[in-house]
Amino acid sequence: MAKDMTLWWGSGSPPCWRVLIALEEKNLQGYNQKLLSFEKGEHKSKEVMDVNPRGQLPAFKFGDIVINESYGACFFLESKFKSQGTKLIPDCTGSDNNCALIALIMQRVFEGNTLHQKMADVFMYNRRVPENERHESAFKRLKETLTTEVQMWEGHLQKTPGGFLAGENFSMADVIVFPSVALLLRMGLSEDKYPKLAEYYKKLQGRPSVKATWPPTWKETPGQEFLKDI
């Protein structure tokens, strides 16, 4: 099955990393993959545009099936290979507890999109906003909004036993959100201010699927202190 899959991806991109982790968790090693450079504009190449007209990564194909959204690719892999590898979403049958767990997983999964968007608003501000339209007060508000969001995730982990985002087992919530948490820590988020997020990061850092897919560019370059005041 894996030989029928192709993934185009970029190092350090949380959406790309989600799909890489999901493939590992579902024991789908051996797929075709192409690591592309954002800096060189390779995500805008004809090869990628033919698969994903938006020119974004990840781009994913399974046979003739194309899924270019990371959430969609992860959910597709879980649905298609439900009984293979790690069960990332439990079955909602026969147990109210299981159904409640699914609800929590889904809540955290889709909250993850909000976290990622607020991170992007801060990280990409100087790229997205022309220099003559930038305002320190606007950027400050974006950072304050991100601070509130990060505090919410710190609170989630304080309330959830087991060390994962949705209970005692690794789930789709972790597949989706861990890459964003990892990027926050790499960009200088204070471990002292956010001890639960730091603990979560260190716990998953050693997970085989995470170790196997660790962004190669992160191994070669140091982190930053961009978020030290968040």
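The model is predicted, so local features need pLDDT of at least 70 and side-chain atom pairs count only at pLDDT 80 or more, while totals for chains, interfaces and linings use all residues. Residues are numbered from 1 along each chain as its sequence is written, and side-chain values use heavy atoms, with hydrogens and water left out.

Start with the inside. A nonpolar core here is a set of buried Ala, Val, Leu, Ile, Met, Phe, Trp, Tyr and Cys residues joined through side-chain atoms within 4.5 Å; buried means under 20% relative accessible area, exposed over 50% and partly exposed in between, with a 1.4 Å probe and protein chains only. The largest such core has 67 residues, and Met5, Trp17, Leu23, Phe60, Leu77, Met172 and Phe178 touch the most other members. Helix α7 (residues 172-186) is the biggest giver, with eleven residues. Helices (H or I, at least four residues) and strands (E, at least two) are DSSP runs numbered from the N terminus.

Leu183 sits in α7 and counts as buried because its relative accessible area is 14%. Leaving out residues up to four places away in sequence, Leu183 touches Pro14, Met119, Phe123 and Trp218, where contact means heavy atoms within 4.5 Å. Leu183 and Trp218 are 35 residues apart along the chain, yet their C-alpha atoms are separated by 9.9 Å.

Next comes helix α6 (residues 136-159). Its buried residues, among them Leu146, Val150 and Trp153, pack against α4 (96-123), α5 (125-128), α7 and α8 (195-205).

Now for the rings. A search of the whole structure turns up 15 aromatic pairs; rings of Phe, Tyr and Trp (its six-membered ring) pair if their centres lie within 6.5 Å, with planes under 30 degrees apart called stacked, over 60 edge-to-face and the rest tilted. One cluster is made of Trp17, Phe178, Tyr200, Tyr201, Trp214 and Trp218. Charges get involved too: the charged end of Lys203 sits over the ring of Phe164, 4.7 Å from its centre, and Arg207 lies over the face of Phe170 at 3.9 Å from the ring centre. That label needs NZ of Lys or CZ of Arg within 6 Å of the ring centre and within 35 degrees of the ring normal.

Leu57 and Pro58 are joined by a cis peptide bond, with omega about 5 degrees; Pro58 lies in the loop between α2 (46-51) and β3 (59-62). Asn27, in the loop between α1 (14-25) and β2 (32-36), has a positive phi of about 55 degrees although it is not a glycine.
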